[in-house]
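This briefing covers the packing of a single predicted model, and it is arranged by topic for reading alongside the coordinates.

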Amino acid sequence: MTLALDEFKNRGLLRKLRHGVGRAVADFGLIEEGDRVAVAVSGGKDSYTLLLLLEELRRRAPVSFEIVAVNIDSGYPGYRTDVIERFLRENGFTYRMVPTGHYALIQEKRRPGSSYCSICARFKRGALYTAAQELGCNKLALGHHQDDFVETLLLNQFFVGSLKSMAASMLADNGETVVIRPLVYLPEEDIIRFSREAALPVVCCCCPVCGTADLQRKRMKRLLKELEKDIPHVKNSLLKAISNVHPRHLLDRRLQAAIPDPCASLPLDGTDGHQG
């Protein structure tokens, strides 16, 4: 499929996607000389797009780095890992297919009524960290895009009471692997267009809730779509807000304690210290 990108007809879209990934890499220092990056490939539109754009970057970048595609098979019946592996093999990617027994564990440990996605994600994340270490990769690339960042920000504010989203780069819980998200600037609608026009072989994970978005996340998507009618750049603005934080104007007392009081050095007579 690297050849397909050379032949991809919508050059404007491809340039836009490449520029977005390149900008993210530069802004957050996501990839450096000598990195070996494990790229999580689930068979969905986001992970395929991530893999192809990173390969484009690898071929053009002034620094030398390697990428290795990693697929985690959670064991859901009907999951077409053969389609994914064929895509990786035919397009010359170095890859690792990792079969697991996660489905049986989820069936055993999941509390009735709880989310499939959260427990599945925890298992999958652990398997990805392990695979990255075994493959000698110091970084793990995930396919979260702009909409994921913005929706997560709103979800945490509305339902958790926390002002947080996701990081473009962060050290994983294992203390060794750096997790990077190079698609942070890419809107989901552009990824959908690219996936369709490039005819990517998208497969479903085949979990029991595949194809049904989380109810609350669906509400955030609807809310953003409504807001976009009057505020076309609302997603860009919300994404910018995550990187334009003013701790003095928030209510977290832990932050307040860490910020020097600008008034502490003012004269006690009420003047501002100006001598005229």
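By class, five nonpolar, one polar and two charged residues make up the lining of the largest cavity. The residues concerned are I72, D73, S74, Y76, Y79, C120, K124 and C205, and they surround a volume of about 40 Å³. As the model is predicted, these values describe computed coordinates.

- Rolling a probe the size of a water molecule over the atoms shows where empty space is left.
- With a threshold of 30 Å³ or more, the count comes to one cavity.
- Strand 2 and helix 6, the latter spanning 116-134, each contribute at least two residues to the lining of the largest cavity.

**The second largest pocket**

- The second largest pocket holds about 740 Å³ of space, and its lining comprises 32 residues, among which Q146, D147, P187, K235 and N236 lie nearest the centre.
- At least two lining residues come from each of helix 2, helix 7, helix 8, helix 9 and helix 10 (234-242), and helix 10 gives the most, with six residues.
- Sorted by class, the lining of the second largest pocket divides into 14 nonpolar, six polar and 12 charged residues.

**Nonpolar cores**

- The largest nonpolar core has 48 residues, and within it V39, L51, L54, I67, F87 and F194 have the most contacts.
- Several elements each supply at least two residues of this core, including strand 1 (36-40), strand 2 (66-73), helix 3 (45-60) and helix 4 (81-90), together with helix 2 (11-28), helix 7 (146-160), helix 8 (188-197) and helix 9 (215-230).
- L54, one of the residues with the most contacts inside the largest core, touches V21, I31, V39, F65, I67, A141 and P182 when residues up to four places away in sequence are not counted.

**A backbone detail**

- Most residues other than glycine have a negative phi, and most peptide bonds are trans.
- A199, a residue other than glycine, has a positive phi near 55°, and A199 is located in the loop that runs between helix 8 and helix 9.
- Is A199 buried or exposed? A199 counts as exposed because its relative accessibility is 57%, where the cut-off for exposed is over 50%.

Note on methods
Residues are numbered from 1 along each chain as its sequence is written. This is a predicted model: local features need pLDDT of at least 70, side-chain atom pairs count only at pLDDT 80 or more; totals for chains, interfaces and linings use all residues. Side-chain values use heavy atoms; hydrogens and water are left out. A nonpolar core is a set of buried Ala, Val, Leu, Ile, Met, Phe, Trp, Tyr and Cys residues joined through side-chain atoms within 4.5 Å. Buried means under 20% relative accessible area, exposed over 50%, partly exposed in between (1.4 Å probe, protein chains only). Helices (H or I, at least four residues) and strands (E, at least two) are DSSP runs, numbered from the N terminus. Contact means heavy atoms within 4.5 Å. On a 1 Å grid over the protein atoms alone, a cavity is a set of points where a 1.4 Å probe fits but cannot get out, and a pocket is an open set with protein on both sides within 12 Å along at least five of seven lines; lining residues have an atom within 4 Å of a point. Grid points are joined across faces, edges and corners, and a volume is the space filled by probe spheres set on the points. Ala, Val, Leu, Ile, Met, Phe, Trp, Tyr, Cys and Pro count as nonpolar, Asp, Glu, Lys and Arg as charged, and the others, Gly among them, as polar.
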